[in-house]
Amino acid sequence: MTLKFDTLFINANLATMNPNIDAPYGAIGKGALGVKDGRIAWIGKMDDLPKHKCKKKHIRDCEEDWITPGLVDCHTHLVFSGNRAKEFEMRLQGASYEEIARSGGGIVSTVNATREAPLRLLHLESTVRLGDMFDAGVTTVEIKSGYGLDLETEIKMLQIAKELGEKYDMRIQTTFLGAHALPPEYKDRADDYIDLVCNEMIPKIAELGLADAVDGFCENIAFSPAQIRRVFESAKKYGLPVKLHAEQLSNQGGAKLAAEFGALSADHLEYLDEDGVKAMAAAGTVAVLLPGAFYYLKETQKPPVELFRKHGVPMALATDCNPGSAPIVSPHLILNMACTLFSFTPEEALDGMTRVGAMALGLGSKVGTLELGKSADMAIWSINHPAELSYWVGKNYTPVKTFKGVVQNDEEITYDY
Ligand code: DI6
Ligand code: FE
């Protein structure tokens, strides 16, 4: 049989991140990768490349460059207006993140800016951030709402997120985060606001097909486990998977609650205890760690990385790109921080921003590794070793090329060779 490829990459070092390949980074040296209809249609050693057809102009000699899966940033709040540099200054003068939030700043100040921003401005500010990520080799990004906190602005944020994906031809997953903070007009009426989230916002957003998941912020300065439970019950009713900002500033039992609802992920987790880790392991809930927020808030309590390893909880990494706790668009800085701050190995770090990041979005069977049948989302890097991707500090590696497979037929297919 002669295989037909639309594109063929040859002489590449492939960091497949496929855990079934028994080599660091699932690496295949002197490899080739064939793409057909947006999917990886063949992958292996150059020497084993079977008889094939591919137009000469679509054969790319990688000259021993490394190909990795396109990076996956599985937790961002990338659509927002303005910045919080003033609050940054206040924190350095001694105010805490919680104090600023309690005095009407924090998330709510970005809510005000985002509500007021003309559509074009909001679009432009967000486009620039996503462009930086694209330039750094990211092909899949999750974007949350949560700076609108009224139906109209939440919808606007989710729509912009989707439009941005089309602009850059990136894969965007949207998450509805209505339960992010209490909007000023609901002061002292948190339960009424949760009613609005559950009875009006989630149903409408589900009807419009604007969200792939529902998230919340379970914290003293945000919503209680009982309130988040109601949000999760509503999400479940409308068939939406859930995730949660949990145990970021204190232990509220949020991760356990998320696990109870079979959450895709629980995120932050600095204050998580072993019980919570076990609950996540049992539910298959991914731990999304956000070293950028840890760094930026000068947090000292580290997430229980050793316990995640011990109990087999997969660890993803993300930028958490947001104006308050992580004004960060660089995936490479996050890879480095995970290594230096959380003692990840460079291999675990890359795994967290590819394979496990995809799992945290429920996309584990589609992207995140270089494997037969998966979407051909990948980045080609002019590096000598994949550890280089997490080695530099403050340098955004730009891939030689980023490639996104556009799979038309989303059904699973089998390859009989
Ligand atoms: N935790 C965070 O770190 C972000 N959201 C959240 O729930 C911060 C959002 C912000 O400060 O604007
Ligand atoms: Fe976040």
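A word on conventions. This is a predicted model, where local features need pLDDT of at least 70 and side-chain atom pairs count only at pLDDT 80 or more, while totals for chains, interfaces and linings use all residues. Residues are numbered from 1 along each chain as its sequence is written, chains are lettered from A and ligands numbered from 1 in the order in which they are written, and side-chain values use heavy atoms, with hydrogens and water left out.

**The sheet.** Strand 13 (residues 265-268) and strand 14 (residues 286-289) run parallel and are joined by 3 bridges; two strands pair if DSSP finds at least two bridges between them. They belong to an open sheet of 4 strands, in the order 12-13-14-15, with parallel pairing. Strands 12 and 15 stand at the edges with a single partner strand each, so one side of each has no neighbour in the sheet. On average, neighbouring strands here are turned by 25° against each other, direction ignored, using axes fitted as lines to C-alpha atoms. Strands are DSSP runs of E with at least two residues, and helices are runs of H or I with at least four, numbered from the N terminus.

**The iron site.** Four residues coordinate the iron ion (ligand 2), at 2.0 to 2.3 Å. Donors are N, O and S atoms within 2.8 Å of the metal (3.2 Å for Na, K and Ca); water is not among the atoms, so sites may look incomplete.

| Residue | Donor atom | Range for the site |
|---|---|---|
| His75 | NE2 | 2.0 to 2.3 Å |
| His77 | NE2 | 2.0 to 2.3 Å |
| His245 | NE2 | 2.0 to 2.3 Å |
| Asp320 | OD | 2.0 to 2.3 Å |

Along the chain, the donors follow the spacing H-x1-H-x167-H-x74-D. His245 lies in strand 12 (residues 243-246) and Asp320 in the loop between strand 15 (315-317) and helix 12 (331-342), so this pair ties together parts that are 75 residues apart in sequence. Both His245 and Asp320 are buried, meaning under 20% relative accessible area, with exposed over 50% and partly exposed in between (1.4 Å probe, protein chains only).

**An exposed loop residue.** Thr398 sits in the loop between helix 15 (388-391) and strand 17 (401-403). Its relative accessibility is 53%, so Thr398 counts as exposed. Leaving aside residues up to four places away in sequence, Thr398 touches Asp135 and Trp381, where contact means heavy atoms within 4.5 Å.

**The whole protein.** The protein has 15 helices and 17 strands. Of its 417 residues, 57% count as buried.

Key
Axes are lines fitted to C-alpha atoms, for helices over the stretch in contact, and angles run from 0 to 180 degrees between N-to-C directions.
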